[in-house]
Amino acid sequence: MILSVMEKVKWTILSQQQAEDWGGDEASALLGKEQADPQMTCANRNQESVSSTSSDSGYEGYAVLKVSPVVGTSTDCDAGKEVSPCDFDELAVLDCGEFNNGMGTCACTYSPSRSGISEADANSAELLAKELYRVFRKHCLSLEVNSQLVSPLHASGSTVVNEDHIRKQLESSVDVVQDIKFKSRIRGTADWAPPRFQIIFHIHPPLKRDLVVAAQNFFCAGCGTPVEPKFVKRLRYCEYLGRYFCDCCHSYAEACIPARILVRWDFRKYYVSNFSQRLLDSIWHQPLFHVLTTAQDLYAKAKELDRVRELQEQLFHIKKLLRTCRFAGSALQEFEQVPRHLTDELHLFSLDDLVRVKRGLLAPLLKDLLRVSLMHVAGCELCQGRGFICEFCRSAAVIFPFQTETCRRCSGCRACFHKQCFQSSECPRCVRLLARRRRVESLPSAAT
């Protein structure tokens with residue numbers, strides 16, 4: 001930052017000197033002197049070009065524009081003919097973002113150099129990327145509207161450019177900050193990047209501190225602060241991200257690790273970084289963990305979770321039945337006591353749900369909700385009319401899909417039967433529907 005400020009001050013001083021040296025009055029005086037003594041003017045012009053190219057690095061962030069004269073021989077200078085303004089400025093300093101206006105006899109070539117950041121905190125990767133994006137976009141826009149920017153050549157061979165019109169068109173483009181925010185993701189530098197907002201489903205293997213810090217390029221994983229090898233022991237480990245943080249990014253906050261819950265049913269709290277704590281707090285009530293997808297054998301390890309799964313399946317099917325009943329308004333209101341994802345989706349839980357299962361608070365709540373729903377179904381004629389009769393035993397008892405302990409549902413036609421009755425491999429309803437379909441398909445052929 002100090003170097004950036006010093007370069008900015010140097011550039012300001014040199015630009016003021018350049019404005020004084022190359023002012024309009026001096027240019028006109030130089031023109032008159034050249035007409036009087038053309039040979040001396042050409043010699044002075046060569047000396048000035050040499051001194052301009054040997055100046056200090058105060059012109060960082062600018063490009064040198066090499067201008068060729070209209071006429072290439074000294075005899076033309078002696079003739080005293082009218083020359084273009086390019087003859088006076090063999091070396092002109094232009095901003096990197098400006099366009100190349102070389103046309104006709106004035107063969108101007110554009111050579112870009114390094115671009116500087118004017119902000120005080122120019123060491124930020126975000127500001128550097130935004131500045132580079134601004135210069136790149138400005139250059140692209142100038143190429144697109146190049147035909148509209150340059151006016152026809154005058155008789156003298158010079159070009160007249162409407163710079164105000166150019167500036168208005170370029171500045172009226174979309175906001176660079178918003179464009180970068182929505183179209184690109186700029187994260188850190190080549191050596192360091194801030195942690196991502198991600199859900200980790202695996203447990204980090206135990207590794208030596210030196211190896212993990214070396215993999216981080218001896219940077220703090222949270223803020224990117226360089227760490228000397230002798231201070232590696234002062235870093236603090238985050239159990240969630242598996243990286244080391246400085247004391248500013250790690251305040252010994254404790255939290256439950258989702259991977260340890262899903263893999264080992266471990267609800268102990270471990271030390272995590274400040275970033276991990278905010279991440280886990282933000283997803284605490286969000287249903288992001290599908291047990292069958294992330295941990296298939298978790299039901300076998302946690303018996304209380306397996307019991308909650310059975311209650312969840314029953315509530316899932318009975319809620320579908322209650323939604324079709326116009327008299328089940330009071331029963332459906334009871335479902336608002338539990339999170340909606342527990343009764344709308346199967347095997348889907350949040351961290352808060354898993355902790356409540358471990359503490360034994362979720363199962364009693366689901367049992368009460370199931371009891372109220374069963375009371376409504378038993379006393380409602382409309383719900384009873386949507387039940388099934390077992391086609392094997394022909395019993396008069398009505399069965400429902402939510403009776404998971406005694407009922408089995410066909411995967412093809414979704415009809416319900418008793419588990420002890422459904423011994424054959426073929427469903428009678430599926431056989432009946434198949435025979436009816438074949439009979440319907442054979443009717444057109446018989447008619448023809």
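## Overall composition

The model is predicted. The protein chain contains 20 helices and 11 strands. Of its 448 residues, 33% are buried. The accessible surface of the chain is about 27,600 Å², and carbon and sulfur atoms contribute 54% of that area.

Among contacts in the chain with a separation of 6 or more, 64% are between residues 24 or more positions apart.

In soluble globular proteins, nonpolar side chains tend to be buried together. Here the largest nonpolar core has 64 residues, and those with the most contacts inside it are Tyr 240, Trp 265, Leu 305, Phe 349, Leu 354 and Val 377. Helix α14 (residues 303-323) supplies the largest share of this core, 7 residues.

Leaving aside residues up to four places away in sequence, Trp 265 touches Leu 298, Ala 302, Leu 305, Leu 354 and Val 357, along with Arg 260, Glu 304 and Lys 358.

## Packing of α14 and α18

The axes of α14 and helix α18 (residues 362-379) come within 10 Å, crossing at roughly 30°. This crossing is left-handed.

On the α14 side, the contact includes Val 308, Leu 311, Leu 315 and Ile 318. Residues contributed by α18 include Leu 366, Leu 370, Leu 374 and Val 377. By type, the residues of the contact are 13 nonpolar, 3 polar and 2 charged. Val 377 is also listed among the residues with the most contacts inside the largest core.

Definitions and conventions
Residues numbered from 1 in each chain as written. Predicted model: local features only at pLDDT ≥ 70, side-chain atom pairs only at ≥ 80, totals over all residues. Heavy atoms only, no water. Core = buried A, V, L, I, M, F, W, Y, C linked by side-chain atoms within 4.5 Å. Buried < 20%, exposed > 50% of the residue type's maximum accessible area, 1.4 Å probe, protein only. Helix = DSSP H or I, 4+ residues; strand = E, 2+ residues; numbered from the N terminus. Contact = heavy atoms within 4.5 Å. Axes fitted to C-alpha atoms, helices over the stretch in contact; angles between N-to-C directions. Left-handed = near helix turned anticlockwise from the far one by under 90°. Nonpolar A, V, L, I, M, F, W, Y, C, P; charged D, E, K, R; others polar. Areas by Shrake-Rupley, 256 points an atom, 1.4 Å probe, with all protein chains shown as cover.
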